[in-house]
Amino acid sequence: AQQELSTAAQTSAAAGPAGLQLLGVGGLLRVFYERQEARVAVYRRFEDGFKLFLQVAEANGYEGLVASTTASFSAISAEVNRVEAELRERGGAAASLAATLRSIQQLEKEKLQITAQLQILRHGLRIDEVQQESDNEAQASAAARTHALRTEEAQGLRQRLDDVTGAIGEALDELRAELADGDADDEDIG
């Protein structure tokens, strides 16, 4: 299966959308999972870069990280959209899988928006912490109040992020089940 995944990804990368037409439904889903794994890696790099930003407060580096992350997510999304279109074009059960991919794409978009909002809040919380250590009592008091509000908002966003991540996981499990069924009889799906 790992070799098929590699072959599917190579076919997709080498021939673009035309290469996708050469794949069975199982191969298309393998291409999707390869792109999903890439998306997870981009999130990991984004989070690592953000943690570094919080430590050194280098805004220029963070802006570059955001630009790079956005470009990576855009490229991944475009590839997933091509897989989705190919599945939709095949009709039947494959079109149902395309609908699941569309749902995952929407959930991933929401996850990215929540992640960005959470990073903004985390940055604000860090600023609040620094200001609370200020010798200026009024500034420290105001920062403490702001910190409490931001903390509450961050908790809500973390819950939304957990909910969205859970929904993505459920959709991926559904696709895995279809992929397992497709491995046994790929022609019946497509």
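Two residues are in contact when they have heavy atoms within 4.5 Å of each other. The model in these views is predicted, so local features need pLDDT of at least 70 and side-chain atom pairs count only at pLDDT 80 or more, while totals for chains, interfaces and linings use all residues. Residues are numbered from 1 along each chain as its sequence is written, and side-chain values use heavy atoms, with hydrogens and water left out.

**Figure 1. The chain as a whole, with 7 helices and 0 strands.** Helices (H or I, at least four residues) and strands (E, at least two) are DSSP runs, numbered from the N terminus. From that terminus on, the elements run α-α-α-α-α-α-α. Buried residues make up 37% of the 190 residues in the chain; buried means under 20% relative accessible area, exposed over 50%, and partly exposed in between (1.4 Å probe, protein chains only). Among contacts between residues at least 6 apart in sequence, 70% join residues at least 24 apart. The chain exposes about 10,500 Å², of which carbon and sulfur atoms supply 51%. Accessible areas come from the Shrake-Rupley method with a 1.4 Å probe, and for residues only the protein chains shown count as cover.

**Figure 2. The largest nonpolar core, with 35 residues.** A nonpolar core is a set of buried Ala, Val, Leu, Ile, Met, Phe, Trp, Tyr and Cys residues joined through side-chain atoms within 4.5 Å. In soluble globular proteins, nonpolar side chains tend to be buried together. In the largest core, L29, F32, V83, L87, L101 and L175 touch the most other members. The elements that give two or more residues to this core are α3, α4, α5 and α6 (137-184), and α5 gives the most, with 10 residues. Which residues does F32 contact, leaving aside its neighbours within four places in sequence? They are V80, V83, L101, I104, L172 and L175.

**Figure 3. R30 in helix α3 (residues 25-56).** Is R30 buried or exposed? With a relative accessible area of 6%, R30 is buried. The C-alpha atoms of R30 and R176 are separated by 9.5 Å, although the two residues are 146 residues apart along the chain.

**Figure 4. E84 and R88 in helix α4.** E84 has a relative accessible area of 6% and is therefore buried. R88 counts as partly exposed because its relative accessibility is 40%. Not counting residues up to four places away in sequence, E84 touches A98, L101 and R102. Under that exclusion of residues up to four places away, R88 touches A94, A95, A98, A99 and R102. R88 and A99 are 11 residues apart in sequence and 7.8 Å apart in space, C-alpha to C-alpha.

**Figure 5. The largest pocket, holding about 260 Å³ of space.** Rolling a probe the size of a water molecule over the atoms shows where empty space is left. On a 1 Å grid over the protein atoms alone, a cavity is a set of points where a 1.4 Å probe fits but cannot get out, and a pocket is an open set with protein on both sides within 12 Å along at least five of seven lines; lining residues have an atom within 4 Å of a point. Grid points are joined across faces, edges and corners, and a volume is the space filled by probe spheres set on the points. Of the 14 residues that line the largest pocket, R39, F73, S77, K109 and L112 lie nearest its centre. The elements giving two or more residues to this lining are α3, α4 (59-90) and α5 (92-132), with the largest share, 7 residues, coming from α5. The lining divides into 3 nonpolar, 7 polar and 4 charged residues. Here Ala, Val, Leu, Ile, Met, Phe, Trp, Tyr, Cys and Pro count as nonpolar, Asp, Glu, Lys and Arg as charged, and the others, Gly among them, as polar.

**Figure 6. F73 in helix α4.** F73 counts as buried because its relative accessibility is 8%. Leaving aside neighbours within four places in sequence, F73 is in contact with R39, V42, Y43 and L112. The C-alpha atoms of F73 and L112 are separated by 9.2 Å, and the two lie 39 residues apart along the chain.

**Figure 7. The second largest pocket, holding about 200 Å³ of space.** Of the 13 residues that line this pocket, F46, Y62, V66, A116 and Q119 are the closest to its centre. Helices α3, α4 and α5 each supply at least two residues of the lining. How many residues of this lining are nonpolar, polar and charged? The lining divides into 9 nonpolar, 4 polar and no charged residues.
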